Amino acid sequence: MAERDAPFFDAIQQTPNLRSGLVDTLMAQIESGDLAPGQRLPTEQEIVAATGVSRTVVREALAALRARGLITTRQGLGAFVAKDPPPKTFSIVPNDIGSIEDVLRALELRVGIETEAAGLAAKRRTADDLARMDTRLKAIDTALAANETGAQEDFAFHRAVAAATGNPYFTRLFDAFGAAMMPRQWASFDRMDETTREKHFARMRDEHRRILAAIEAGDAATAQRTMRTHLSRSYTRFEDLRDLAAGTGSGS
């Protein structure tokens with residue numbers, strides 16, 4: 001690897017999710033201009049040697065950057081920084097959620113956004129908004145009855161709350177999250193016994209209904225509180241899963 005390339009990898013954090021660390025480092029270098037448009041990236045082997053991550057991790061990271069339009073590849077020549085990268089936009093795609101830590105970060109952002117959205121929805125909702133949210137909740141029940149995760153239906157309910165604000169920026173930001181909003185692959189529902197799983201889904205249904213009831217009543221403070229409680233409980237659950245995986249949880 002050329003000497004000028006070496007500093008680009010000094011900042012890579014050896015986090016549990018090495019791919020995310022490598023992606024974040026390369027994205028920062030590209031966006032800052034340290035890796036200039038059209039510049040050739042080091043080879044996969046050079047990146048492996050510089051970072052200590054596996055070749056698989058390097059390939060996954062480069063694929064993620066290519067999917068974002070930040071790099072291009074040329075047969076036999078390697079990877080290059082895109083000369084005309086796409087405009088900077090915010091998004092969280094499913095590949096970004098590579099660990100429970102990533103789930104927790106996304107939930108922290110959701111708490112701030114969706115708590116405010118619930119309060120605005122309580123002040124501005126229309127009859128159509130209320131009917132739409134109710135329909136989304138019934139769809140969740142149908143999905144769970146069919147032994148499905150209800151992830152898409154859950155996303156649709158929370159998006160309907162955002163839409164009820166009457167502010168299109170909320171739904172635009174919400175859509176930027178996409179399916180990553182509901183990362184059910186990390187929820188370990190398949191490891192729950194039937195009683196625990198039913199208890200969890202019953203609580204989720206009750207929390208959703210409380211959110212809708214507060215919005216319907218036009219009670220902004222209660223809508224905010226119930227949304228924050230709902231998301232905070234999800235946060236706590238994922239914290240417990242993280243700690244259990246690390247061997248520090250109680251396992252209860």
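What is the handedness of the crossing in which α4 passes α7? The first legend answers this. The model is predicted: local features need pLDDT of at least 70, side-chain atom pairs count only at pLDDT 80 or more, and totals for chains, interfaces and linings use all residues. Residues are numbered from 1 along each chain as its sequence is written, and side-chain values use heavy atoms, with hydrogens and water left out.

**View A. Helix α4 passes helix α7 in a left-handed crossing.**
A crossing is left-handed if the near helix is turned anticlockwise from the far one by less than a right angle, and right-handed if clockwise. From α4, Leu 109, Arg 110, Ile 113, Glu 114, Glu 116, Ala 117 and Leu 120 take part; from α7, Phe 170, Leu 173, Phe 174 and Phe 177. Contact means heavy atoms within 4.5 Å. Eight of the residues in the contact of α4 with α7 are nonpolar, none is polar and three are charged. Here Ala, Val, Leu, Ile, Met, Phe, Trp, Tyr, Cys and Pro count as nonpolar, Asp, Glu, Lys and Arg as charged, and the others, Gly among them, as polar. Helix α4 covers residues 100-124 and helix α7 residues 168-177; their axes come within 11 Å and cross at roughly 145°. Axes are lines fitted to C-alpha atoms, for helices over the stretch in contact, and angles run from 0 to 180 degrees between N-to-C directions. Helices (H or I, at least four residues) and strands (E, at least two) are DSSP runs, numbered from the N terminus.

**View B. Helix α5 (residues 127-145) packs against helix α8 (residues 194-216), their axes coming within 11 Å and crossing at roughly 175°.**
That angle makes α5 roughly antiparallel to α8. Angles under 35 degrees count as roughly parallel, over 145 as roughly antiparallel, 65 to 115 as roughly perpendicular and the rest as oblique. On the α5 side the residues include Leu 130, Met 133 and Leu 137, and on the α8 side they include Phe 201, Leu 212 and Ile 215. The contact of α5 with α8 holds nine nonpolar, one polar and six charged residues.

**View C. Helices α6 and α7 pack with their axes 8 Å apart, at an angle of about 155°.**
The two helices, α6 and α7, are therefore roughly antiparallel, and their crossing is right-handed. Phe 155, His 158, Arg 159, Ala 162 and Ala 163 of α6 meet Phe 170, Thr 171, Phe 174 and Asp 175 of α7.

**View D. The largest nonpolar core has 30 residues.**
A nonpolar core is a set of buried Ala, Val, Leu, Ile, Met, Phe, Trp, Tyr and Cys residues joined through side-chain atoms within 4.5 Å. Buried means under 20% relative accessible area, exposed over 50%, partly exposed in between (1.4 Å probe, protein chains only). Met 133, Phe 157, Val 161, Ile 215 and Phe 238 have the most contacts inside this core. At least two of its residues come from each of α4, α5, α6 (151-163), α8 and α9 (220-245). Helix α4 gives the largest share, eight residues.

**View E. Thr 73 lies in strand β1 (residues 71-74).**
With 45% relative accessibility, Thr 73 counts as partly exposed. Beyond its neighbours within four places in sequence, Thr 73 is in contact with Arg 66, Gly 78 and Ala 79.

**View F. Asn 147 sits in the loop between α5 and α6.**
Asn 147 is not a glycine, yet has a positive phi of about 65°. Its relative accessible area is 67%, so Asn 147 is exposed.
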